[in-house]
Amino acid sequence: MLNSFVLDKITFIYFFAFLLYLVHMVVGWKKFGALATIVTMTGFVGHTIGGILRWYESYQSGIGHAPLSNMYESLIFFAWAIILLYIFMEFRTKSRSIGTFATPLAFLCMAYASFDPNMNQAIQPLLPALQSNWLIAHVMTCFFGYAAFAISFGLSIMFLIKRSVRAENKSLFLALIPPIDVLDELSYQMVVIGFLLLSLGIITGSVWAHSAWGTYWAWDPKETWSLITWFIYAVFLHLRLTVGWKGKSLATTSIIGFMCVLFTYFGVNYLGKFLYFFESLHSYA
Amino acid sequence: MTNKDSNILWETLSSVKLILVLLILLAATSIIGTIIPQGDTAASFAKDISPALNRVFVTLQLYDMYHSFWFRGLIGLLTLNLIVCSINRFPGTMKRFNSLPKPDRIGPFRDLSEQRTILVRGDLSDVAGRVGEKIASLFSRMEKKQTEQGIFFYADKSRYFLFAVYLVHSSVLFILIGSIIGSILGFEGFVNIPEGEATDIIAIKGKNVNSRLDLDFSVRCKNFNVEFYEDGTPKEFRSELSFEVDGETQKEAQVIVNRPASFQGISFYQSSYGTVPGTHALLSVSEKSEDGVITEHAASEIKTGTIYPLPNGDGQFQIEAMDDNFKGMMGPAVQVTVMPMFGEKVTFWVLSNMEMLKLRFPPDMLESDMFNASAFAPYTFHLEELGSRFYTGLQVNRDPGVGFVWAGFILILIGLFTAFFTSFKRVWIRITPDGDEIRISVAGRASKNPIAMERELGQLTRRLGKLFQ
C-alpha cells in the first residue's frame, strides 16, 4: 500500500529532525535549528498526506473508514498529534529546544508502527462494534489528549535536567532550554489541555459503549486505566491550583501521569498476552 | 460526639490533602481489578491459587473489587470530602462574587508599565465620560468615583466564572447519583430469541445465577441476519424485532450493533447470535421386506408437531423434538413417535450419523431401544438433515439513572472549559490631569492566566487611546 510506504519514510524524517534539533542545541548553530523546523514541517506535511492517502485507499479497497481503527493507525495518529502540538508550541514560544524532546517521541511511535514485525499494517474492515460515529470523536480526543501529556512529559524532563545542574554550568545545551518557570507554566498548560481532552475521550467512549453494549462503564481494564490516568492528572491539577505546588515535585507528577498514559495505551494490550483472563474490549487498539 | 470531635471530623473532611490521598488510593487500588480477574472469569483463577490466598481475596471481595465494600467506601468518602470542601469554600467565593472593590485603589497601579498609560488632550470630565462609555460596553459591572486627584473607574467581567469549579465538582455528584439510581432501579439482562419466536422472560445478570424478569410485553425476533466481509470478518448483525402487548404488535424495530431499540423504557442491544434447530428436518424412511430386500423411500421435509402417514398407510408418525447436539455430544437428532393403526405408540431418537457414533460410543449404549431407528418394523428412519435457524442474543437493559450521568458529563465539560479557559477579570482605570494633558492609566488583575491578562490590558489601553485620535 502506498500509504504505508509514505508513512515508513516519515519515520526517518522525524529522526533526522531530532538529530538536527540535538545538534542545534549542542553546537548552537542557528541554521541547524531553522533546518530542523523545516524538516519537521516537511515530515508533518508528508505525514498528513500519508494519513489522507490511507483514508482514500481504504475507500478504494471498498472498506472505507477513517484511519483510526487499529493499533497501527492509532500510533500514526498519536505521532501526528504530537508533532502538530509541538509545531504550535514552537511557534508560540520561539524556542526550538523543546523539539529535541518532542520529536523523538513521535519518531518512536512511527518506528514502532512501521518496523515492528508483529504490526498489522493492512487496512482492516470495521467490526460491527466499531461502526459508529463515536469512533472518530473518541480516538481523536483520546490521542490528542495523550499527545498533550507527552509534550508535558518532555517539558518535565527538560525541567528536571535544567533544575539538576548548578548555575555555574554554562553549557550551551542548558542555556538553550527555556527558564524553569516557563517550562513549569507550559507543562501545566499542556496538562490542562490533555486533561480536558482525556475527559472528553472518556466521555465519548462511555456514551459509545452505552449505545453498543448498554452500559456506559464496565470496568474493562482499558477503561479502568484511563480512569487511573485521569485521577493522577486530577491530583496534578489540585496540587498546582489548590495546594500551590510548583517545580520539581509537579514535574515528577507529570512524568508519573505519562507513565499511566503509556500503560493505558500499550501496557493493557500487552499484559493481555500474559494473563489469560485479561480480556479487553479494546483488543484492537 | 463532642463539639471538638465534630470540629476535627469537619476539618479532616474539608482538607484538600484528604482529597489527594483518596484520589491516589483510588488510582492505586483500581489497578488490582485489572490484574486479578473479575466476575465470571475469576472461577478458573481461584482454582490456580492457594486456598489461603483465595480466602483473603474472597474476604476483601477482590473478585468483584469495583463493587466491594471498601472500594465503594473510598468513593463515598471522596464524595463526602468533595461536598464538605465545597461547602467550606463557598462563602469565600460568594464574598468575592459580591464584593465591589473601590475604584480609587492604589495597589493595582504599583509598578505600572509606561505602556499602560496614555496622554490625551481635552477636558477631564469629557475624557472620563468617553472612557466610561467604552468601559461600560466592554465589562459587565462598572463603578465610578470622583476625587480631588481625578476620576476613577472599577470594572469587571466574567464574575460568574468563579463558580465554574463548583460546577466541575457537582458534576461528579451527578454521575455518582446516576450510577446509584442505575444500580438500584435498573437491571442488566440478556435473552436469546430464535427467529420467529417471542418471549417475555429475560435472564438477569447478577449475583443470583437463575434470576429472571417477566416483562409486561413480549419481544419477537422476526428475522435475524448476519453479513460478512470478503475476508470472513463479521460486518453486520441485524435483528428485526417486534414488541407485542397481548398479542398485538405495538412497535417494530431493527436492531444492529450500536443502534439499540427501546420499548417501555427497556433497551435491547444486539450482542450475539447462534443457531438452534429449526422446525423442519429432512427424514427418509426405508422399508425392509420379509425376504430382506430394502426399499428406500424419498426423503421429505418433516415439520415438528405435524402428523404424517407412513409409506404403506399402516400408521402415522410425527417429530416430537429436535436437538442440534443430542446430550451435548452425539450430534443432530430428532425424536420420532410412530402411531400404528393397531397397537402401542413407539417412540425413539433418530441420530444423524450412526456410523461415526459407533466408533466413539460403546455399542450397548447405541443399541438401546432409545436409539433404535428400526423399532417399528419394517421401517427404519434416517435423519438426512436437521434444519437450523438463527437465534439473536440481545442484551436487555434498563437504566433510569443514565440521564443524570449524561447531565454530569455535560456539566463537567462546561465546568472544566470555563474553569481553565476563562477567568474573573478586574480592571481599574485612573484619569488624572497631567500638566495641560490628561493621563489615563489602566491596571488589572485576573483570577487565572496573568500572561493573557497582560495582553488584554495592552489591547484595552490601545482601544482607549483610539477614542481620542
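Two strands are said to pair if DSSP finds at least two bridges between them. Helices (H or I, at least four residues) and strands (E, at least two) are themselves DSSP runs, numbered from the N terminus.

This is a predicted model, in which local features need pLDDT of at least 70 and side-chain atom pairs count only at pLDDT 80 or more, while totals for chains, interfaces and linings use all residues. Residues are numbered from 1 along each chain as its sequence is written, and chains are lettered from A and ligands numbered from 1 in the order in which they are written.

## Chain B: a sheet of five strands

One open sheet of chain B has five strands in the order β1-β19-β18-β3-β2, with antiparallel pairing. At its edges stand β1 and β2 (141-146) of chain B, each with a single partner strand, so one side of each has no neighbour in the sheet. On average, neighbouring strands of this sheet are turned by 15° against each other, direction ignored. Such angles run from 0 to 180 degrees between N-to-C directions, and axes are lines fitted to C-alpha atoms, for helices over the stretch in contact.

Four bridges link β1(B) with strand β19 (residues 437-446) of chain B in the antiparallel sense. Within this pair, Leu119(B) has Arg439(B) in β19(B) as its bridge partner. Helix α12 (residues 450-466) of chain B packs on the sheet and touches β1, β18 and β19 of chain B. The direction of α12(B) makes about 155° with that of β19(B). A further helix, α7 (residues 124-138) of chain B, lies across β1, β2, β3 (151-157), β18 (425-434) and β19 of chain B, and runs at about 165° to β18(B). Contact here means that the C-beta atoms of two residues, placed from the backbone, lie within 7 Å.

## Chain B: a sheet of four strands

Another open sheet, of four strands, has the order β13-β14-β15-β16 (chain B), again with antiparallel pairing. Its edge strands are β13 (308-309) and β16 (346-351) of chain B, each of which pairs on one side only. The table lists the pairs of this sheet.

| Strand pair | Bridges |
|---|---|
| β13(B) and β14(B) (residues 315-323) | two bridges |
| β14(B) and β15(B) | eight bridges |
| β15(B) (residues 333-340) and β16(B) | six bridges |

Tyr308(B) has Phe317(B) in β14(B) as its bridge partner. Met322(B) stands opposite Val334(B) in β15(B), and Thr337(B) has Thr347(B) in β16(B) as its partner. β13(B) and β14(B) form a hairpin with five residues between them, and Gly313(B) in the turn has a positive phi of about 70°.

## Chain A: helices

Chain A has nine helices and zero strands. Its radius of gyration is 19 Å, close to the 19 Å that the globule rule gives for 285 residues, so chain A is as compact as a globular protein of that length. The radius is taken over C-alpha atoms, and the rule is 2.2 Å times the number of residues to the power 0.38. Along the principal axes, the C-alpha atoms of chain A fill a box of roughly 60 × 45 × 35 Å.

Of the 285 residues of chain A, 49% count as buried. A residue is buried if 20 or more other C-beta atoms lie within 10 Å of its own, exposed if 12 or fewer, and partly exposed in between, with C-beta atoms placed from the backbone. Among contacts in chain A between residues at least 6 apart in sequence, 79% join residues at least 24 apart.

The axes of helix α7 (residues 180-213) and helix α8 (residues 221-243) of chain A come within 10 Å and cross at roughly 145°. Residues of α7(A) in this contact include Tyr188(A), Phe195(A) and Ile202(A), and those of α8(A) include Trp230(A), Phe236(A) and Arg240(A).

## Loop residues

Gln131(A) is in the loop between α4 (99-115) and α5 (134-164) of chain A. With 18 C-beta neighbours inside 10 Å, Gln131(A) counts as partly exposed. Leaving aside neighbours within four places in sequence, Gln131(A) is in contact with Leu126(A) and Asn258(B).

Most residues other than glycine have a negative phi. Lys94(A), however, has a positive phi near 60° and lies in the loop between α3 (71-93) and α4 of chain A. Lys94(A) counts as exposed, with 8 C-beta neighbours inside 10 Å. Asp111(B) has a positive phi of about 55° and is found in the loop between α6 (69-98) and β1 (117-120) of chain B. Asp111(B) is exposed, with 6 other C-beta atoms within 10 Å.
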